[in-house]
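Student: I'm new to this structure and would like a close look at just one part. Could you walk me through a sheet and what surrounds it?

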Amino acid sequence: MFDDIADVIYSSTTFLITSHVRPDGDAVGSELALYHVLRDMGKDAVVYNQDKTPAVYGFLPGAGAIVHSLDSVDGFDAVFVLDCSDISRVGNDQEKIGSIGKIVNIDHHLSVGTFSKILLTDSTASSTGEMIHRLLKKMKVPITADIATNLYTAILTDTGSFQYSNTGGDTFRAAADLVERGADCREIAQNIYEAKPALQIRLMGRVLDTLRLYEGEKVGLIYVTQEMLREEDALPEHTEGLVDMVRSIRGVEIAVCCYEVSEGRFKISLRSKGKTDVARIAGKLGGGGHMNASACRVEGELETVVRIVLDTIGVSQ
Ligand SMILES: [Mn+2]
């Protein structure tokens with residue numbers, strides 16, 4: 001499959017690069033790494049995401065070039081769909097994007113779709129960034145500091161700073177190579193983890209104040225309402241990582257964050273430690289994910305939603 005992808009790259013001139021809605025560090029880092037690779041080869045590349053780049057990834061080399069509207073896909077020889085298990089993940093323009101002649105899908109999710117004949121997938125890889133690093137090595141493409149910074153960020157964020165169980169020897173070998181090629185791990189960490197606006201910390205304080213513990217403190221739950229976001233002037237992206245704070249409590253095995261997306265609609269983020277499988281819990285509510293990190297959506301009024309989620313987990317109330 002590496003050869004098939006190399007063929008597409010060498011035989012095409014104009015590329016579209018895209019990823020999923022609400023892009024994360026792996027999506028943006030992987031896209032921009034590939035953007036630099038193609039540009040360094042003298043090719044034309046456009047990075048398109050339906051949603052805006054979260055401010056935290058604004059420091060990534062090339063971030064300013066990402067576009068958020070796509071008038072026409074005429075003229076693109078090939079498209080890279082990255083970090084997406086299904087083409088619908090790219091958003092409203094899925095049909096337009098799916099009509100491009102050559103589609104390459106690079107992804108590391110368990111449930112990978114078959115929307116593309118050229119598919120590079122490995123559910124044991126930490127991130128799409130790690131897979132792109134592997135591709136560049138096979139192709140013997142020079143990895144510049146700009147490429148290294150983007151790929152290192154992709155790996156760093158998708159492994160929760162090398163803490164999740166998707167982190168393996170290959171992950172560290174890729175990270176080591178990227179650091180040697182110019183990824184500044186201190187500067188990247190500072191940009192990602194030490195650049196929060198004060199309002200985000202204030203929002204965090206309010207949200208953590210909603211903490212409830214059940215089952216002898218084995219289950220922890222917090223919630224975020226639209227009202228809290230409004231009052232703190234916060235954006236949805238400022239709620240990221242809150243559920244991990246709950247998991248960081250000693251003894252907590254399941255952490256839950258109920259985030260009110262819009263009135264009466266909640267996104268439920270679930271995290272677990274060890275062998276506790278939260279993908280199964282999310283699955284029962286129509287969602288999915290990994291054993292230690294999953295999500296689903298539940299509709300209703302806050303306390304109803306909380307009860308539904310706790311019932312599904314098996315908390316006696
Ligand atoms: Mn990913």
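This is a predicted model: local features need pLDDT of at least 70, side-chain atom pairs count only at pLDDT 80 or more; totals for chains, interfaces and linings use all residues.

Tutor: Let's begin with strand 1 (residues 14-18), which pairs with strand 2 in the parallel sense over 5 bridges. Strands here are DSSP runs of E of at least two residues, helices are runs of H or I of at least four, and both are numbered from the N terminus. Two strands count as paired if DSSP finds at least two bridges between them.

Residues are numbered from 1 along each chain as its sequence is written.

Now widen the view. The pair belongs to an open sheet of 5 strands, ordered 2-1-3-4-5 with parallel pairing. Its edges are strand 2 (44-48) and strand 5 (118-121), each of which pairs on one side only. From one strand to the next, the twist averages 15°, with angles running from 0 to 180 degrees between N-to-C directions of axes, which are lines fitted to C-alpha atoms, for helices over the stretch in contact.

Next come the helices. Helix 2 (residues 25-40) lies across strand 1, strand 2 and strand 3 (78-82), at about 170° to strand 2. Helix 4 (residues 128-139) also packs on the sheet, touching strand 3, strand 4 (102-107) and strand 5; the direction of helix 4 makes about 115° with that of strand 4. Contact means that the C-beta atoms of two residues, placed from the backbone, lie within 7 Å.
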